[in-house]
Amino acid sequence: MAKIKKGDLVVVISGRDKGQQGRVLEVLAESQRVVVEGVQRVQKHTKAGQTSRGTRTGGIETVEAPIHISNVMLVDPETKKGTRVGYRTEQVERDGRTRTVRVRVAKRSGKDI
C-alpha cells in the first residue's frame with residue numbers, strides 16, 4: 001500500500017526534476033509509480049486519426065510520464081517542505097459503531113495530512 005495518494009502535493013527528491021512540486025494525478029500501484037502534474041514531461045508523437053469522440057489531429061504532444069514513487073516525497077502542510085509519512089490510529093464513531101481508522105501524519109510537524 002502506497003503512502004502517497006491521488007491529489008497529494010509532492011516534491012521530487014531525485015532525478016532530472018529534483019526540487020519541483022506538483023499534484024499527483026494518478027497512482028499506478030502495480031508498478032509503484034505516480035504521475036505528477038508538471039513533472040517528468042516528455043514529448044509524444046501522435047498520428048492523426050479517428051477516435052470515438054471524433055477526429056484527432058496529429059503532431060507533438062507534451063505529456064507527464066510516470067515517476068517512481070520512491071523519488072517523490074509528500075509536502076508537509078505546515079512547513080511546505082518534504083516529509084515522511086506515518087500513521088496514527090483513531091477510534092471513530094460511525095452509524096452507532098466504533099471503528100478504528102488510520103490517519104496519515106506528517107512526521108516533520110506531526111500534523112494530519
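**Ground rules.** I number residues from 1 along each chain as its sequence is written. As the model is predicted, I take local features at pLDDT of at least 70 and side-chain atom pairs only at pLDDT 80 or more, while totals for chains, interfaces and linings use all residues, and side-chain values use heavy atoms, with hydrogens and water left out.

For the contact (heavy atoms within 4.5 Å), domain 1 supplies 10 residues and domain 2 supplies nine.

**Interface.** I note a buried area of about 730 Å² between the domains, 54% of it from carbon and sulfur atoms; this is the accessible area (1.4 Å probe) that two parts lose on being put together, summed over both. I count one salt bridge between domain 1 and domain 2, a term for a side-chain nitrogen of Lys or Arg within 4 Å of a carboxyl oxygen of Asp or Glu. I also looked up Arg 104 and Asp 8, whose side chains form a salt bridge at 2.8 Å, N to O.

I checked Gln 32 and found phi near 55 degrees, a positive value in a non-glycine residue. Gln 32 is partly exposed at 47% relative accessible area (between buried, under 20%, and exposed, over 50%; 1.4 Å probe, protein chains only). Asp 95 also has a positive phi, near 55 degrees, and is exposed at 74%. I remind myself that most residues other than glycine have a negative phi.
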